[in-house]
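Biologist: I would like to go through this fold with you. Please show me the sequence and the structure.

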Amino acid sequence: MQSRPSDPVATLTVVGDVHRWWRPADAAFLERTRPDLSLFVGDLGDEDVPIVRAIASLPVPKAVILGNHDAWQSFGRRVATDRLRESLEVLGEDHVAYAVREVPRAGLSLIGARPFSWGGQSLRSPELYDEIYGIHTARQSAAAIVDAARNAQHRDLVILAHNGPLGLGDQSHDIWGKDFGKPGGDWGDRDLALAIQRIEGFGLRVRAVIAGHMHHRLVHPRGGERTRFVRRGGTMFLNAAFVPRVQKAENGDELSYFLRTRWQAGECVAVEEVWVDVHGDEREASTPTFVELEGGAPAVDELHEGDEPAQ
Ligand SMILES: [Fe+2]
Ligand SMILES: [Fe+2]
């Protein structure tokens, strides 16, 4: 859709991996600025129901995709714990896994990808995905993301995921590159890359993929910083995982991190990194620099797309 000056400008504000760094000031900032939708990319805590409740009870429109930490003990047992079940119940429809949420003022539909992603090639516990979503393989997971997109009312889509897709680089500093263990390698999600390939094959436009999981500060090389803003063709990839998201400024003030995106008729018109103080007031905003990737997405092999149950 071509935007016109009369089209409204909608705001989608992103909260990266929380890891329990959530302050009353953060809630105040969202309540006061009232984005059209607040997006949470997960890792709220380690199956931490009180923090899930704090997010779920925010009196603002929101969409959440839970991360691997939010299902940590469940993955260990390969069965959903009471705490994970309670987290999902508390969030209800605000947990958008494999679902669509319309954002009419932005001219777009939000699609939720697979929750709890650890990255890499494995689903880690197909048993757990089967129990909750009836999904056992990466192929089925890709199909469920595609099904959500088929139900979207808009042709312009934003995908909310915990981890980003395969195909954006295999260096440890790349947006979803592996920086731990034996560093190097593409740690993106194969099911998400495959889903995007199919969705674009229908002529829908994936305008942005918003995720986190791979933290901004690298384990190897120690202290290095990750690329978190990438554009390829008509798609932006945003990694919101600035961890911890509360940082001490030089003057001692504690500021927390948000990403603010603005949309008009399905097109992104601004991205800003925003720092908020203990009163919930905005203190700094800056426009990040995007790395531009040439060419299209590498084709995801339809024949070897992770049909096998993971180990
Ligand atoms: Fe995380
Ligand atoms: Fe994570």
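Modeller: First, two terms: helices (H or I, at least four residues) and strands (E, at least two) are DSSP runs, numbered from the N terminus. The expected span of a helix is 1.5 Å times one less than its number of residues. This is a predicted model: local features need pLDDT of at least 70, side-chain atom pairs count only at pLDDT 80 or more, and totals for chains, interfaces and linings use all residues. Residues are numbered from 1 along each chain as its sequence is written, while chains are lettered from A and ligands numbered from 1 in the order in which they are written.

Biologist: How far does helix 6 reach from its first C-alpha to its last?

Modeller: Helix 6 covers residues 138-150, 13 residues. At 1.5 Å a residue, 18 Å is expected. The model comes close to that, with a reach of 18 Å.

Biologist: Which residues of helix 6 are buried?

Modeller: A residue is buried if 20 or more other C-beta atoms, placed from the backbone, lie within 10 Å of its own. In helix 6, that holds for A138, S141, A142, A144, I145, V146, A148 and A149.

Biologist: Is strand 5 buried or exposed?

Modeller: One side carries L108, L110 and G112, the other S109 and I111. Both faces are covered. Five of the five residues in strand 5 are buried.

Biologist: In which sense does strand 5 pair with strand 4, and in which with strand 6?

Modeller: Two strands pair if DSSP finds at least two bridges between them. Strand 4 and strand 5 form a hairpin with four residues between them, and E102 stands opposite S109. Towards strand 6, the bridge partner of G112 is L160. Over four bridges each, strand 5 pairs with strand 4 in the antiparallel sense and with strand 6 in the parallel sense.

Biologist: Why do helix 2 and helix 4 count as roughly parallel?

Modeller: Axes are lines fitted to C-alpha atoms over the stretch in contact, and angles run from 0 to 180 degrees between N-to-C directions. Angles under 35 degrees count as roughly parallel. The axes of helix 2 and helix 4 lie 9 Å apart, at an angle of about 5 degrees. The two helices are therefore roughly parallel.

Notes
A residue is buried if 20 or more other C-beta atoms lie within 10 Å of its own, exposed if 12 or fewer, and partly exposed in between; C-beta atoms are placed from the backbone. Angles under 35 degrees count as roughly parallel, over 145 as roughly antiparallel, 65 to 115 as roughly perpendicular and the rest as oblique.
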